[in-house]
Amino acid sequence: MRHTVLCGTLALLVAVFLASACGDPQEGGTYPGEPMATIRGWVEVVRPVESEAPRACLLWSVTSSSPDVLTTADSPVSGSFPARFEIDLVRPPPDSALNDLGSDGRVGLSVVVAYDDRDGDGRVTFCEEGDPGQCEDGLLGGCPDHAVVWLPEEVRPGTYLEQFLGGTPPAGYHLMEVVRANPDFGDRDSLRPLDAGFDTEITIILSDQESDFEWPDFLK
Ligand SMILES: [Ca+2]
């Protein structure tokens, strides 16, 4: 049951990823400055995927708006596998990446994904609506066990966000671990802080099989 649901989630994610018409207007151009945080880790090939130019980026899930995903912080993946990757977060995500929970606060939720930069323009290239032939890039995989969280304000005690994030972290970027829901109780996946924060190395897995990914359910 759960397996089926999560496979469907990835299929939806890929479809939305390719269909969404939002780029990252804040990512181009001038010298970006010192990073606010850096995500580091490895890229492992679980099943062979075809890509001459894999890149990694953050895929933000925004449940309260349309389009409901957008990407930031694009970075190349270089070297032979298992390859290293490093993504500098040089600025906050745009406000359009935030989920507004009203009195519970605002939160940005993202996962690290890898994609095939087929047109070599160094960013996710989305298809034109109604023209599937323009889908230049495809999702290769990602890191389903960690999430990158952006908090525009400190989490207040007693809020839903405190429960969801396992505490009251301050404003800023946070690298967190996905806590899987217990299917016996029917609750939702949540997150918890990592003691080592962004010093934790994470793993992007590449595979052409959806069943290799168990994405957190907040991506639905
Ligand atoms: Ca591209």
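Modeller: Helices (H or I, at least four residues) and strands (E, at least two) are DSSP runs, numbered from the N terminus. Two strands pair if DSSP finds at least two bridges between them. Residues are numbered from 1 along each chain as its sequence is written. This is a predicted model, in which local features need pLDDT of at least 70, side-chain atom pairs count only at pLDDT 80 or more, and totals for chains, interfaces and linings use all residues.

Biologist: How many helices and strands does the protein chain have?

Modeller: The protein chain has 2 helices and 11 strands. Read from the N terminus on, its elements run α-β-β-β-β-β-β-β-β-α-β-β-β.

Biologist: What is the mean pLDDT of the protein chain?

Modeller: pLDDT is the predictor's confidence in each residue, from 0 to 100. Its mean over the protein chain is 82, and 78% of the residues reach 70 or more. Over residues 1-12 the pLDDT is below 50, and this stretch has 12 contacts in the model beyond near neighbours in sequence. Residues 18-28 also have a pLDDT below 50, with 24 contacts beyond near neighbours in sequence. Two residues are in contact if their C-beta atoms, placed from the backbone, lie within 7 Å.

Biologist: What makes strand 9 and strand 10 a pair, and in which sense do they run?

Modeller: DSSP has to find at least two bridges; strand 9 and strand 10 (residues 190-193) are joined by 4, and they run antiparallel. The two strands therefore count as paired. Within this pair, Glu 177 stands opposite Arg 192 in strand 10. Strand 9 (residues 172-179) also pairs with strand 8 (residues 146-151), in the antiparallel sense over 6 bridges. There, His 146 stands opposite Glu 177.

Biologist: How many bridges join strand 1 to strand 4?

Modeller: There are 7 bridges between strand 1 (residues 37-45) and strand 4 (residues 83-89), and the two run antiparallel. Gly 41 has Phe 85 as its bridge partner in strand 4. Strand 1 pairs with strand 11 (residues 202-206) as well, in the parallel sense over 5 bridges. In that pair, Trp 42 stands opposite Thr 203.

Biologist: What does Ala 171 count as, and why?

Modeller: Ala 171 has 12 C-beta neighbours inside 10 Å, so it counts as exposed. Ala 171 is in the loop between helix 2 (160-165) and strand 9. Its C-alpha atom is separated by 4.5 Å from that of Glu 154, 17 residues apart along the chain. Residues up to four places away in sequence aside, Ala 171 touches Leu 151, Pro 152, Glu 153 and Glu 154.

Biologist: What does Val 49 count as, and why?

Modeller: Val 49 has 17 C-beta neighbours inside 10 Å, so it counts as partly exposed. Val 49 is found in the loop between strand 1 and strand 2 (54-61). Leaving aside neighbours within four places in sequence, Val 49 is in contact with Leu 140, Leu 206, Ser 207 and Asp 208.

Biologist: Which residues have the most contacts inside the largest nonpolar core?

Modeller: A nonpolar core is a set of buried Ala, Val, Leu, Ile, Met, Phe, Trp, Tyr and Cys residues joined through C-beta atoms within 7 Å. The largest one has 48 residues, and those with the most contacts inside it are Ala 56, Val 112, Val 113, Ala 114 and Val 149. Strand 6 (residues 106-116) gives the most to this core, with 7 residues. Not counting residues up to four places away in sequence, Val 149 touches residues including Val 107, Leu 165 and Met 176.

Note on methods:
Buried ≥ 20, exposed ≤ 12 C-beta atoms within 10 Å, placed from the backbone.
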